[in-house]
Amino acid sequence: MSTPSRWRALTHHHLFWPTAVLVLLLLVNVPFTPDFFSIKMTGGHLYGSLVSIVLFGSPLILVAVGMTLVIATGGIDLSVGAVVAITGALACSYISDQADQSALSGVLLAMGIGLLAAVVCGLWNGFLVARMGIQPIIATLIIMVAGRGVAQLITDGQIITINSEPYKLIGGGYWLTLPFSIFVVAVVVAITVALTRKTALGLLVESVGGNAEASRLVGIRSRRIKIMVYVFCALCAGIAGLMISSNTSAADGNNAGLWIELDAILAVVIGGTSLLGGRFSIGGTVVGALVIQTLTTTIYTIGVPTQTNLVFKAAVVIVVCLLQSPKFRAKVFGAKFGARFGPKSGSTPGAKDGGKPAAAPSETAATTEAAPQMEVS
Amino acid sequence: MTTTTQPPAATDSRTPSRAARLLGDRRLPVLVTALLFLVMYVAGLSRYVNYGFAEPQVFMNLFIDNSYLLVAAVGATFVILSGGIDLSVGSLIGFTTMLTAWLVERQGLPLVVVVPIALGVGAFGGFLMGYVIHNFEIQPFIVTLAGLFLFRGLCLVISKESISIGDSTVSSLAQTQVSLGAGFLSVGAVIALVVLAGAFYVLHYTRFGRRVYAIGGNEQSAMLMGLPQGGTKIAVYTVSGFCSALAGLLFTLYIQSGDPLHATGMELDAIAAVVIGGTLLTGGSGYVVGTLFGVLVLGLIKSIIQFEGTLSSWWTKIATGVLLCAFILIQRAMTARKKT
Amino acid sequence: MAEPRPVLEMTGIVKEFSGVRALSGVDFRLFPGEIHALMGENGAGKSTLIKVLTGVYSLDGGTITLDGKSVLFGSPLQAQQAGISTVYQEVNLCPNLSVAENIFIGREPTRAGRIQWKRLRREAAELVDRLGLDIDVTAPLSSYPLAVQQLVAIVRSVSTGDNLGGGSGTKVLVLDEPTSSLDRGEVQELFRLMRQLKDEGVAILFVSHFLDQIYEVCDRMTVLRNGTLVGEHMVADLDQVGLVQLMIGKELDQLEELHDQQLRADVGESLLHAEGLGRVGAIDPFDLEIKKGEVVGLAGLLGSGRTELARLLFGADQPDSGKVTIGGKQVSMSAPNDAIGAGVAFCSENRKTEGLVPDLTVRENIILALQAARGWTRPIPASQRDELVAKYIKALDIRPANPEARVGQLSGGNQQKVLLARWLITQPKLLILDEPTRGIDVGAKAEIQKLVVSLSEDGMSVLYIAAELEEVLRLSHTIGVLRDRRLVAQIANGPEITPSRILETIASGEHE
């Protein structure tokens with residue numbers, strides 16, 4: 001294999017661009033913080049910018065991983081922020097009622113209660129989307145609006161603070177010199193990858209998102225699949241909720257997980273999963289979430305006022321979406337480039353762009369006739 | 001084939017039954033919301049009559065305290081009627097409060113100059129989002145999400161701190177009361193009602209308004225009927241941006257300060273008010289009058305919770321969510337029935 | 001009849017799509033006050049011709065003359081303004097608006113920018129009244145059935161010409177399959193309106209797959225085949241057999257020679273039995289029996305109900321009458337899952353929209369049906385999967401023989417083979433193939449037909465739909481003939497069954 005072709009293969013890998021952006025962002029830090037990549041061992045814990053990026057990015061990675069599957073089915077889940085708040089609120093309020101806040105059984109039960117609530121939220125979303133046939137963005141809006149109220153109801157409008165060693169471990173503790181949350185994330189990501197790629201779930205999800213009608217005709221029970229991904233997404237959000245409340249040892253019904261749904265969607269998009277559904281990449285999403293967290297860190301370290309963070313994020317959203325838009329690419333880079341790099345390119349080029357059929361030369365005139373017909377009949 | 005003189009199937013279907021027509025009537029959801037408002041108001045009367053709930057001013061305050069939400073929701077109504085969604089509303093309101101406060105307080109510009117600037121910036125922001133949505137065919141949801149980030153970020157760029165406004169024009173405007181016999185309205189409430197009336201006129205008596213409905217009903221058809229659907233879409237987001245900016249000005253008047261965290265999440269309130277007001281989230285059906293009732297219902301929930309005393313503010317969100325859910329399910333039932 | 005000057009004349013029309021000629025030198029004339037049928041099978045070029053006429057497509061050659069003036073339309077709006085209005089099969093109106101608004105939207109009467117609602121409603125009511133329709137123009141369009149919506153669409157197109165055409169009004173009305181989902185009474189209502197417009201001097205171009213309708217309402221017809229003009233006839237001068245011959249494109253004698261069906265008597269016991277199965281607006285109730293190892297071919301024109309029949313047998317659409325028994329057990333057919341569970345497989349004619357998931361690889365597309373049947377928890381073991389996929393790629397000669405290739409990038413023939421492989425892997429009892437050879441190259445066509453024969457020899461039953469009669473005759477043991485949404489005959493194939501017999505049955509709707 002020659003070098004150019006190897007380079008081509010590399011740049012065509014779906015993780016190439018997200019990773020390149022991540023590396024670039026990391027390198028930007030070096031002139032400002034020369035010891036950016038160094039990792040120190042202090043008091044049996046590893047410290048360093050890279051460690052903290054992963055640590056602070058953990059909840060986002062979790063939520064984004066769940067969101068990836070929902071988006072892959074062609075849906076979206078706006079309620080994850082509210083689910084984060086509810087889960088944290090339930091777990092903390094249960095622990096705070098215990099006589100011994102550090103009792104392991106109590107903590108486990110608290111976590112169980114929190115995650116159960118998350119699953120219920122996911123079931124509700126899945127029910128509305130898959131059974132009632134309501135558009136995902138509308139269906140999940142309900143919990144997005146009401147969920148924070150429920151979380152505040154649970155915490156009675158207060159910020160519940162707790163003092164529980166075992167609970168603290170999830171989001172703020174260390175294990176084997178590393179933040180424990182990194183292990184949680186690693187396990188969840190590993191389970192997700194195993195669940196989607198070692199079973200047939202990933203294939204079926206991509207099929208449902210890629211062509212819903214074909215999936216129905218091939219006998220896929222897409223309702224079940226959809227309910228499952230919404231439950232899974234809520235469960236991931238629940239774990240993130242535990243992590244956030246554990247990190248601060250407090251549950252804030254109002255602010256926990258605020259806007260995390262938007263960050264998560266952004267992470268998924270940066271990771272290369274199309275918002276239209278179909279092909280998804282868990283690895284891409286993890287990198288995407290890290291990009292967002294690194295962006296936050298970088299803005300902080302290079303001395304730009306932290307408040308501009310959101311402006312940068314807006315810029316990233318716009319750039320990424322423009323680059324994914326076939327129309328934009330066609331206008332800016334010319335039609336050829338646009339067609340070649342489309343996330344959905346080659347799907348049905350004839351059906352949308354004014355009926356110019358993309359008939360291969362070997363196909364007979366029948367195809368040329370058939371393609372335009374699809375629009376009217 | 002023999003020719004039938006009068007095809008029975010065709011004539012029967014010509015006159016839908018009265019019950020079916022009532023159920024299929026697009027005004028039904030608005031009536032339901034109006035009725036809901038009435039029931040809640042009467043319930044409030046009977047429960048808190050000794051606490052002054054019957055005062056006409058309590059009713060007037062609904063308009064005063066929610067004037068900005070009404071204006072924002074009117075803008076959102078345009079977008080939702082056209083089948084889109086605008087998530088940038090809350091951020092744009094917050095940004096306008098900051099911009100206004102900053103220009104008035106830090107730059108010392110007179111209000112007459114600041115108001116057109118703020119409105120212009122809002123409308124331009126909306127225009128840009130509409131332009132991107134239409135020309136690059138990106139989902140409105142994601143474009144306005146970028147808008148949400150951008151305007152909230154710009155707030156923080158102006159200042160991290162709250163800027164309170166001491167300008168005399170602002171405070172005198174804020175305190176002006178428009179007497180209405182039994183009670184009074186604020187300047188903001190009057191402006192909001194004027195905007196509402198204007199929106200009603202535009203939506204029902206101009207070609208632009210009807211195009212908004214047509215696009216929301218079936219964008220493909222609207223295009224094939226030769227309607228300029230791209231321009232209409234961009235205009236709709238421009239209207240929404242303008243309304244958000246105006247809502248921001250009213251909010252500034254109401255609070256008399258600019259704060260980077262003002263109106264966080266208000267897009268959700270606006271969308272909820274529109275949906276509770278009976279507008280289909282999928283577009284094409286609804287009335288701006290319904291949006292008024294949607295805002296009033298949300299406002300009344302807040303008032304009742306205040307009067308109740310023991311209930312806490314978060315019940316507002318829960319009640320909003322429950323209402324939202326109920327209306328979404330009603331909408332679903334209505335559209336599902338129509339299809340069969 | 002002394003021929004007046006044609007209102008529309010298209011001469012030597014050429015249209016190419018990436019080098020493939022969809023229309024080569026087609027002539028077409030339309031006279032004022034006539035209803036003119038445009039006939040042709042799949043790929044004949046009907047839609048292309050209409051789209052060239054209405055400004056959807058640009059012209060690659062030839063001229064269009066409207067009212068003696070040479071014209072060239074850049075968009076449907078321009079065509080509309082020149083007096084050519086089109087109503088498509090799908091009603092392109094806004095169901096949420098009132099009838100009156102739908103008629104006038106975009107050109108509502110206004111004064112100082114304010115819409116004059118009363119005037120709008122009055123004018124709409126007058127228009128509807130003048131055309132003899134009984135419609136309440138204030139009611140929302142969605143409160144009316146599709147048939148009425150269709151009529152409203154026609155009212156709109158006719159009135160559009162009035163206002164935009166500079167006083168000359170609509171000269172040409174194109175009705176592209178307006179009747180496909182109407183019942184008999186509704187069709188009569190439509191015809192009444194068409195005749196009235198015809199009497200007012202409008203030239204109507206009418207496309208329909210129903211032969212009876214053509215013969216009932218049309219004056220003249222133009223027949224296209226493979227992008228060329230094969231004839232312009234007065235309807236009264238051409239009988240149905242002649243028309244079908246023209247459309248299918250073979251003289252009867254020629255067809256006899258091609259007659260080379262597989263004649264095997266050894267089909268097994270009954271596999272599938274449908275009784276009174278039907279769906280309103282799709283296909284009239286029919287009875288059908290398919291035996292083990294039998295190939296049942298469906299013959300009929302496009303739109304005759306052959307696809308609809310197949311979809312009912314697969315549960316892709318829910319039947320509203322009748323029952324199906326497969327292998328002696330009744331199957332509910334409420335969803336494709338039921339049929340798949342009973343061993344039925346279905347390759348849709350729309351490969352791209354109803355068959356393939358274009359973003360997935362060849363391998364993933366091939367195993368999709370088997371995997372769906374196993375459920376997500378039981379993935380096919382990797383080694384078994386790769387072996388199966390490799391086996392079918394080889395057996396069907398799918399190119400490129402790369403299981404990792406994205407299926408969207410394959411040619412039509414190879415995409416069709418991927419679909420076949422997907423279902424063959426599940427080892428179905430009955431394989432339904434809806435136009436499997438459409439739009440694919442000759443080599444792949446022959447391969448697929450050979451495959452059908454060998455599958456049948458192995459005991460698999462096949463329901464085979466094809467536009468080409470000789471294909472159906474060559475492969476089938478039994479031939480079901482469809483016409484105007486009815487299964488009119490089931491004929492056991494044999495030496496005495498000739499394409500002409502089938503043609504006659506299609507044309508007359510009767511089989512002795």
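## A hairpin in chain C

In strand 2 of chain C, C:R21 is the bridge partner of C:E16. Strands here are DSSP runs of E of at least two residues, helices are runs of H or I of at least four residues, and both are numbered from the N terminus. Strand 1 (residues 8–17) and strand 2 (residues 20–30) of chain C run antiparallel and are joined by 8 bridges; two strands pair if DSSP finds at least two bridges between them. The hairpin of strand 1 and strand 2 of chain C has 2 residues between the strands, and C:S18 takes a positive phi near 35° in this hairpin.

This is a predicted model, in which local features need pLDDT of at least 70 and side-chain atom pairs count only at pLDDT 80 or more, while totals for chains, interfaces and linings use all residues. Residues are numbered from 1 along each chain as its sequence is written, and chains are lettered from A and ligands numbered from 1 in the order in which they are written.

## A mixed sheet in chain C

An open sheet of chain C contains 6 strands in the order 6-9-10-3-11-12, with mixed pairing. Its edge strands, each pairing on one side only, are strand 6 (84–87) and strand 12 (228–234) of chain C. From one strand to the next, the twist averages 20°; angles run from 0 to 180 degrees between N-to-C directions, and axes are lines fitted to C-alpha atoms, for helices over the stretch in contact. Within the sheet, strand 3 (residues 35–39) and strand 11 (residues 220–225) of chain C run parallel and are joined by 4 bridges. C:H36 stands opposite C:R220 in strand 11 of chain C.

Helix 6 (residues 184–199) of chain C packs on this sheet, where the helix touches strand 3, strand 9 and strand 10 of chain C, and its direction makes about 150° with that of strand 10 of chain C. Contact means that the C-beta atoms of two residues, placed from the backbone, lie within 7 Å. Helix 1 (residues 46–53) of chain C lies across strands that include strand 3 and strand 9 (172–176) of chain C, and runs at about 145° to strand 9 of chain C.

## An antiparallel sheet in chain C

A further open sheet of chain C has 4 strands in the order 14-13-16-17, with antiparallel pairing. Strand 14 (283–291) and strand 17 (329–331) of chain C are the edge strands, and each pairs on one side only. On average, neighbouring strands of this sheet are turned by 20° against each other, direction ignored. Strand 16 (residues 321–326) of chain C runs antiparallel to strand 17 of chain C, and 3 bridges join them. C:V324 stands opposite C:V331 in strand 17 of chain C.

Chain B has 16 helices and 4 strands. Its radius of gyration is 22 Å, close to the 20 Å that the globule rule gives for 340 residues, so chain B is as compact as a globular protein of that length. The radius of gyration is taken over C-alpha atoms, and the globule rule is 2.2 Å times the number of residues to the power 0.38. Buried residues make up 53% of the 340 residues in chain B. A residue is buried if 20 or more other C-beta atoms, placed from the backbone, lie within 10 Å of its own, exposed if 12 or fewer do, and partly exposed in between.

B:L99 is found in helix 6 (residues 89–106) of chain B. B:L99 is buried, because 24 other C-beta atoms lie within 10 Å. Not counting residues up to four places away in sequence, B:L99 touches B:A118, B:V121 and B:I158.

## Where chains A and B meet

The contact takes 32 residues from chain A and 34 residues from chain B. The largest share of the side of chain A that touches chain B, 12 residues, comes from helix 6 of chain A. By class, this side of chain A has 21 nonpolar, 8 polar and 3 charged residues. Ala, Val, Leu, Ile, Met, Phe, Trp, Tyr, Cys and Pro count as nonpolar, Asp, Glu, Lys and Arg as charged, and the others, Gly among them, as polar.

The peptide bond from C:R399 to C:P400 is cis, with omega near -5°. C:P400 is found in the loop between helix 14 (382–396) and helix 15 (412–424) of chain C.

A:T177, a residue other than glycine, has a positive phi near 70°. A:T177 is partly exposed, with 13 other C-beta atoms within 10 Å.
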